[in-house]
Amino acid sequence: MHASFNKLTRRLCGVLVLAGSCGSGAFAHHGWTWADGEQTTLEGTIESISMAPPHPKLQVQSAQGQSWQVDLGNPSQTERSGFTGQTAKVGDRITVLGNRAQDHKVQHMKAVRITLDGKRYDMYPERIKE
């Protein structure tokens, strides 16, 4: 009984560690706590497009030559904004309004709106500050 109790305890601990690491990764990824409260604009050219969950994202090369990761809304939010995998293509010029990472050494931001060919796609309309 003692050996099976230890085996069960180890399994339970392993499951809890795994669940905790998954939860902390999800917590770190979702939400806005990692981003500045102030919004900024990024203008550049799309280098790549990924519509894969949990968040579609773009790689955008800025006019200064930096490559930025731009997170969009979740897949259904992004689609509701009118932006789909066929909306843009690599090489298109884009303007992103969003919140950049608090660590300004990192070129990463979360878009609240993207503008492509004069058309606006609002990922988070309730968060737009103009």
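This report covers the fold, the core and the side-chain pairs of the structure above.

The model is predicted: local features need pLDDT of at least 70, side-chain atom pairs count only at pLDDT 80 or more, and totals for chains, interfaces and linings use all residues. Residues are numbered from 1 along each chain as its sequence is written, and side-chain values use heavy atoms, with hydrogens and water left out.

**Fold and surface**

Two helices and six strands make up the elements of the protein; they are DSSP runs numbered from the N terminus, with helices (H or I) of at least four residues and strands (E) of at least two. Their order from the N terminus is α-β-β-β-α-β-β-β. Of the 130 residues, 32% are buried, where buried means under 20% relative accessible area, exposed over 50% and partly exposed in between (1.4 Å probe, protein chains only). Among contacts with a separation of 6 or more, 54% are between residues 24 or more positions apart, a contact being heavy atoms within 4.5 Å.

**Core**

The largest nonpolar core has 22 residues, and Val70, Leu72, Phe83, Val96 and Ile114 have the most contacts inside it. Such a core is a set of buried Ala, Val, Leu, Ile, Met, Phe, Trp, Tyr and Cys residues joined through side-chain atoms within 4.5 Å. Two or more residues each come from E1, E2 (57-62), E3 (67-71), E4 and E5 (108-116), and E5 gives the most, with five. Leaving out residues up to four places away in sequence, valine 96 touches Thr40, Thr41, Leu42, Val70, Met109, Ala111, Arg113 and Ile114.

Threonine 78, in helix H2, is buried with a relative accessible area of 0%. With the sequence neighbours up to four places away not counted, threonine 78 touches Met51, Pro56, Leu72, Gly73, Phe83 and Met123.

**Aromatic pairs**

The whole structure holds two aromatic pairs. Rings of Phe, Tyr and Trp (its six-membered ring) pair if their centres lie within 6.5 Å; planes under 30 degrees apart count as stacked, over 60 as edge-to-face and the rest as tilted.

| Pair | Centre to centre | Angle of planes | Class |
|---|---|---|---|
| Tryptophan 32 and tyrosine 124 | 5.0 Å | 80 degrees | edge-to-face |
| Phenylalanine 83 and tyrosine 121 | 5.6 Å | 80 degrees | edge-to-face |

Tryptophan 32 lies in the loop between H1 (2-29) and E1 (40-50) and tyrosine 124 in the segment after E6 (119-122), so this pair ties together parts 92 residues apart in sequence. Both tryptophan 32 and tyrosine 124 are buried. Phenylalanine 83, in the loop between H2 (75-80) and E4 (93-100), is 38 residues from tyrosine 121 in E6, and these two residues are buried.

Two charged side chains lie over the face of tryptophan 32: lysine 110 at 4.5 Å from the ring centre and arginine 127 at 3.8 Å. The criterion is NZ of Lys or CZ of Arg within 6 Å of the ring centre and within 35 degrees of the ring normal.

**Salt bridges**

There are two salt bridges, each a side-chain nitrogen of Lys or Arg within 4 Å of a carboxyl oxygen of Asp or Glu. Aspartate 92 pairs with lysine 89, the closest N and O atoms being 2.9 Å apart. Aspartate 92 is buried at 13% relative accessible area, whereas lysine 89 is exposed at 54%. Arginine 113 and aspartate 122 meet at 2.6 Å, N to O. Here arginine 113 is buried at 8% relative accessible area and aspartate 122 partly exposed at 26%.
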